[in-house]
Amino acid sequence: MIKKYRAIFALSLFLLSNVSLFAVQSNSAVVFTYHRFGETTYPSTNITLEQFKNQLEYLKENDYKVWALSKIVRSIENKKKLPSKVVAITMDDAWKSVYENAYPLLKEKGFPFTVFINTSPIDHKSKSFVTWQQIQEMSENGAEFANHTKTHDFLIPKRGESQSVWQARIKAEIVKAQERLQEKLGKKTNEAPRLLSYPFGEYTQESADFIKSMGYVGVTQISGVLSSSSDLRAIPRFPMSERYASLEEFVLKLKTRAMEVESVEPWSPVVRDENPPILHLKLQHPMQNFACYNSNGKLLTLTWLSDTEVEMVAKSPLKPPRDKYTCTAQTPQNQWYWYSHLWILNPEMAE
């Protein structure tokens with residue numbers, strides 16, 4: 001009998017000590033990002049229609065709740081608990097295959113989706129992009145549209161730019177795109193919240209802080225899970241392209257959990273001096289089977305400072321323009337925590 005009560009007491013302690021773990025993971029959502037659909041001449045940014053159909057069918061058959069990204073972010077901002085199995089489908093650039101190939105499949109399933117558009121090529125009636133008429137049609141049938149700047153220019157400070165010139169440039173890019181969205185789709189478009197996807201997925205500490213001061217939530221192309229503890233200057237999304245979009249890989253990412261990172265140093269992704277850069281993570285609790293890799297899947301060198309603090313570094317210099325460190329660890333439910341950190345080595349960036 002004593003052993004029985006000891007076991008119950010031990011289980012109670014375990015559950016109490018992991019309340020925050022279960023709470024965080026139940027208040028998270030997986031966000032996917034796409035570019036082209038069925039355009040096989042662009043394999044690095046394309047997903048085949050068969051792959052996309054299989055993914056949508058899996059979501060439908062397994063009772064996932066597909067929400068617009070704005071709805072998820074709004075819930076997090078308002079500290080509302082998300083239901084389990086919430087997913088967002090997003091697209092960058094608004095290539096014509098979004099309307100021609102993806103939209104009919106999403107409409108058939110009744111799934112909402114979020115498209116980040118750069119407005120200049122649409123205004124200039126580029127044949128590679130959707131039209132405003134098509135955008136209006138999609139907006140009436142489950143799509144929301146958000147800011148990807150006017151011309152898809154880099155939001156990072158460029159070589160030779162003063163702070164005032166840089167801020168004026170990116171402010172104009174963002175404001176003009178927002179104005180066009182609202183002129184075409186209504187004054188409430190992309191306002192609650194304001195979402196901005198960084199062109200090329202690139203941002204700096206300065207640009208992230210600046211867009212926040214303009215009232216925008218920053219959206220990246222770096223892998224990871226959006227949760228109530230995410231930094232809303234840099235929302236993670238899992239990119240989908242032919243090479244990494246098999247149903248097996250899609251389901252693996254669908255079932256990942258946000259790695260509970262208490263702090264990261266440096267937060268800024270810019271590599272200026274030391275290459276390969278050292279990343280310092282402080283975790284909220286010890287993790288099992290923790291490992292980290294570069295973008296080529298090569299293991300990083302880990303130095304544990306305590307059971308929750310680790311430094312990591314690649315074994316060779318990173319190559320421009322972008323790279324990343326990705327860390328995974330096993331959850332108590334035999335799924336995977338996931339954390340990725342972007343590194344930018346753009347030669348056009350200001351010194």
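**Basis of the entries**

I am reading a predicted model, in which local features need pLDDT of at least 70 and side-chain atom pairs count only at pLDDT 80 or more, while totals for chains, interfaces and linings use all residues. Residues are numbered from 1 along each chain as its sequence is written, and side-chain values use heavy atoms, with hydrogens and water left out.

I traced an open sheet of four strands in the order 13-14-17-16, with antiparallel pairing. Strand 13 and strand 16 (301-304) stand at the edges with a single partner strand each, so one side of each is left without a neighbour in the sheet. From one strand to the next the twist averages 20°, where axes are lines fitted to C-alpha atoms, for helices over the stretch in contact, and angles run from 0 to 180 degrees between N-to-C directions.

I then went along strand 17 residue by residue. Val313 has Ile278 opposite and also Thr301 opposite, while Met312 is the bridge partner of Leu279. Strand 16 pairs with strand 17 in the antiparallel sense over four bridges, and a hairpin of four residues joins the two. I noted that Val310 and Met312 form the covered face of strand 17, whereas Glu309, Glu311 and Val313 form the uncovered one.

**The disulfide**

Which cysteines form a disulfide? I found that Cys292 and Cys327 do, with their sulfur atoms 2.1 Å apart, and the rule I used takes a pair of cysteine sulfur atoms within 2.5 Å. The count comes to one disulfide. The link of Cys292 and Cys327 is right-handed, with 105° about the S-S bond, and it connects distant parts of the chain, Cys292 being in strand 15 and Cys327 in strand 18, 35 residues apart. Both cysteines are buried, that is, under 20% relative accessible area, with over 50% called exposed and the range in between partly exposed (1.4 Å probe, protein chains only).

I looked next at the largest pocket, which has a volume of about 1400 Å³. Of the 37 residues that line it, Ser223, Pro239, Tyr244, Ser295 and Lys324 are the closest to its centre. A pocket here is an open set of points on a 1 Å grid over the protein atoms alone, where a 1.4 Å probe fits, with protein on both sides within 12 Å along at least five of seven lines, and lining residues have an atom within 4 Å of a point. Strand 18 supplies the largest share of this lining, five residues, and helix 10 (247-254), strand 15 (288-294) and strand 19 (336-344) are among the elements that each supply at least two.

For the second largest pocket I noted about 500 Å³ of space. Among its 26 lining residues, the closest to the centre are Ser230, Asp231, Ala234, Trp267 and Tyr339. Strand 19 gives the most to this lining, with five residues, and strand 13 (261-265) supplies at least two.

Methods: Grid points are joined across faces, edges and corners, and a volume is the space filled by probe spheres set on the points. Two strands pair if DSSP finds at least two bridges between them.
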